[in-house]
Amino acid sequence: MPPKGSGKRKVNTIYSDDSPTPPVPSLAEQLSYLHNPRPFKNPNYTKNANRRTKNLKAVLTQEREREKNERERKRQEKDASMDVDVQQAQEDPLEEDLPTYASIEAPPSVLPQRRYCDITGLEGPYTDPATGLRYHDKSIYELIKGLSTTAAKEYLSARGVNPIVK
């Protein structure tokens with residue numbers, strides 16, 4: 001059974017002149033989908049004007065507050081149901097130590113810092129001794145040799161290095 005209102009609607013057209021024959025519709029009017037029903041749209045939908053949008057900072061603050069309240073509630077339940085066995089409670093990891101997406105803290109990496117080419121952004125294992133710019137390969141080195149000192153300083157400052165060009 002087709003959805004309600006899926007039948008073709010009769011297009012009421014009013015002709016401006018009093019000629020007995022109706023005007024021929026253009027190709028755009030013939031191929032138009034405007035007169036077809038749209039079953040995917042809810043005809044009773046009204047946008048809620050009172051709905052308030054929140055920015056990311058407000059959402060994260062509410063999430064932290066909710067997690068804090070949840071941890072406090074669980075801690076109170078644990079304290080209420082705690083028996084004389086205190087040693088078992090010390091062996092259990094505290095809920096505060098469990099990582100969440102908002103509280104992940106990682107130690108610094110033990111691997112050496114990766115170096116990237118200042119021109120291309122590719123891995124840059126080489127450093128120009130005159131300018132201090134890192135470069136990827138021989139063709140980039142040729143480009144660096146042709147740079148002015150001000151351009152080399154701008155590349156270094158973009159990387160966050162205090163530019164000292166000889």
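Just after α5, G160 takes a positive phi of about 95°. The model is predicted: local features need pLDDT of at least 70, side-chain atom pairs count only at pLDDT 80 or more, and totals for chains, interfaces and linings use all residues. Residues are numbered from 1 along each chain as its sequence is written, and side-chain values use heavy atoms, with hydrogens and water left out.

The protein chain holds five helices and two strands. Helices (H or I, at least four residues) and strands (E, at least two) are DSSP runs, numbered from the N terminus. Along the sequence the pattern reads α-α-α-β-β-α-α. Mean pLDDT (the predictor's confidence in each residue, from 0 to 100) is 80 for the protein chain, and 72% of the residues score at least 70. Where pLDDT is low, the predicted coordinates should not be read in detail.

Of the 166 residues of the protein chain, 10% count as buried. Buried means under 20% relative accessible area, exposed over 50%, and partly exposed in between (1.4 Å probe, protein chains only). The accessible surface of the protein chain comes to about 15400 Å², by the Shrake-Rupley method with a 1.4 Å probe; for residues, only the protein chains shown count as cover. Carbon and sulfur atoms account for 54% of this surface. Contact means heavy atoms within 4.5 Å. Among contacts between residues at least 6 apart in sequence, 30% join residues at least 24 apart.

The largest nonpolar core has seven residues: C117, L133, Y135, I140, I144, A152 and L156. Such a core is a set of buried Ala, Val, Leu, Ile, Met, Phe, Trp, Tyr and Cys residues joined through side-chain atoms within 4.5 Å. Helices α4 (138-145) and α5 (149-159) each supply at least two residues of the core. In α5, the buried residues are A151, A152 and L156. Seen down the axis of α5, its buried residues fall within an arc of 135°, so they line one face of the helix. The arc is that of the directions from the helix axis to the C-beta atoms. T150, E154 and A158 are exposed, on the face of α5 turned away from its buried side.

C117 lies in the loop between α3 and β1 (126-127). This cysteine counts as buried, at 5% relative accessibility. C117 and L133 are 16 residues apart in sequence, and their C-alpha atoms are 7.7 Å apart.

R114 is also found in the loop between α3 and β1. Here the residue is exposed, with a relative accessible area of 51%. The C-alpha atoms of R114 and G124 are separated by 8.6 Å, at ten residues apart along the chain.

UniProt, in an unreviewed entry, lists residues 115-144 as "domain: Vps72/YL1 C-terminal". UniProt positions are given in the numbering used here, feature names are shortened, and annotations may be inferred rather than shown by experiment. The span is 23% helix and 13% strand, with its end C-alpha atoms 17 Å apart.
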